[in-house]
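Subject: Structure handover

Hi,

Here is the structure we talked about. My notes on it follow below.

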Amino acid sequence: MGELYRLIRAHFDSTFLAILGCELMAKTNLTGDETQKNISFLDGLHQRSIFFPAANILLSITAFLGNSLILVALRKETSLHPPSKFLYRCLATADLLVALVSQPLYVTWWISRTLSTILSRYASDAAFITSAALCGVSLLTSTAISVERLLTLLLGLRYKQIVTLKRVCVTVTIGWVFSFSAALCFILDNRISLWYGYTTIPSCLLISIASYTKIFRTLAHHQAQVQEQNQQRPSQVNILNMARYRKAVYSALWVQSALVVCYLPYFIKGLVINQRKSYSLHLDVLKETAILLVYFNSTLNPFLCCWKISGVRQAVKQTIRQALCCPWS
């Protein structure tokens with residue numbers, strides 16, 4: 001088996017270099033310096049053709065397992081309000097679809113591009129459309145979580161009457177339709193999808209920043225009132241509810257911050273590449289790294305949910321324990 005693997009690997013390497021070498025020689029008359037540069041270019045491209053698909057396959061597996069556990073755990077978890085639970089399930093579903101659809105298409109595009117097949121164009125378009133749609137859903141959902149946390153604080157006892165599960169479902173459905181419609185516009189004119197990203201991303205970030213700013217200002221004001229009323233000690237129930245609410249806010253904020261950290265390099269990459277007219281291998285590496293970071297967010301979210309939401313963490317532990325003890329039940 002080892003000898004067979006080496007023969008296949010050698011055949012792949014020779015085919016890969018031959019195809020790309022012929023393409024480069026057809027475009028230019030090579031001098032000694034140009035030949036050396038092109039060899040370095042081929043070496044770098046060959047290394048990337050192995051690293052990025054392998055990294056995406058690994059992230060796809062971890063995202064699939066992690067988000068599957070989160071979806072099972074959320075069914076058992078009872079501490080979250082139904083609207084909050086539904087939003088987290090929507091986020092986990094989008095991340096699960098990224099692992100099942102977008103990343104395999106991205107790996108298919110890498111392999112087809114290496115082998116210079118006609119499949120490359122279709123795989124590239126499909127990967128971009130599904131990734132843009134699902135990442136848009138994740139962005140809109142995380143923004144909806146921040147708004148839902150704010151309404152929980154502002155509405156008080158009216159929260160359950162106004163923020164119903166049915167209304168949240170309708171809002172989320174509109175977000176899914178909106179994201180997929182904008183992504184599918186890439187087939188007609190890719191500028192529509194690009195402008196959708198350039199307008200939706202800043203808008204969602206501004207809404208989230210405004211929501212969390214209002215939340216923390218209100219919490220600070222509430223804390224100041226509690227300190228002023230020392231003679232009227234607040235009830236233990238109120239203290240516990242406020243502490244529980246703070247934990248829920250920080251959990252949502254961690255998920256939102258992770259999304260910003262993972263998505264921001266890709267957004268900056270788009271702005272930089274659109275301003276440049278020349279191709280650079282280093283710039284291409286940065287572009288692929290930014291895409292990998294976006295996909296990494298789908299793997300990171302399950303870990304954040306387990307870390308910051310105690311009910312989900314306990315449900316995940318219970319699910320894993322049951323799966324290990326009774327694998328066929």
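The structure holds two salt bridges (a side-chain nitrogen of Lys or Arg within 4 Å of a carboxyl oxygen of Asp or Glu). Before the details, the ground rules. This is a predicted model, where local features need pLDDT of at least 70, side-chain atom pairs count only at pLDDT 80 or more, and totals for chains, interfaces and linings use all residues. Residues are numbered from 1 along each chain as its sequence is written, and side-chain values use heavy atoms, with hydrogens and water left out.

**Salt bridges**

Glu148 pairs with Arg149, with the closest N and O atoms 2.9 Å apart. Glu148 is buried at 4% relative accessible area, and Arg149 is buried at 7%. Buried means under 20% relative accessible area, exposed over 50%, and partly exposed in between (1.4 Å probe, protein chains only). Lys287 pairs with Glu288, the closest N and O atoms being 3.7 Å apart. Here Lys287 is partly exposed, at 22%, while Glu288 is buried, at 0%.

**Core**

The largest nonpolar core has 50 residues. Such a core is a set of buried Ala, Val, Leu, Ile, Met, Phe, Trp, Tyr and Cys residues joined through side-chain atoms within 4.5 Å. Ile70, Tyr88, Tyr106, Trp176, Ile215 and Val312 touch the most other members. Helix α3 (82-114) is among the elements that supply at least two residues; α3 gives the most, with 11. Helices are DSSP runs (H or I, at least four residues), and strands are too (E, at least two), numbered from the N terminus.

**Cavities**

How many cavities of 30 Å³ or more does a search of the whole structure find? Two. A cavity is a set of points, on a 1 Å grid over the protein atoms alone, where a 1.4 Å probe fits but cannot get out; lining residues have an atom within 4 Å of a point. Points are joined across faces, edges and corners, and volume is the space filled by probe spheres set on them.

The largest cavity holds about 70 Å³. Its lining includes Leu139, Ile201 and Phe267. Helix α8 gives the most to that lining, with five residues. The lining splits into eight nonpolar, no polar and no charged residues (Ala, Val, Leu, Ile, Met, Phe, Trp, Tyr, Cys and Pro count as nonpolar, Asp, Glu, Lys and Arg as charged, the others, Gly among them, as polar).

The second largest cavity holds about 40 Å³. Asn67, Asp95 and Asn301 are among its lining residues. That lining divides into five nonpolar, two polar and one charged.

Best wishes

Note on methods:
On a 1 Å grid over the protein atoms alone, a cavity is a set of points where a 1.4 Å probe fits but cannot get out, and a pocket is an open set with protein on both sides within 12 Å along at least five of seven lines; lining residues have an atom within 4 Å of a point.
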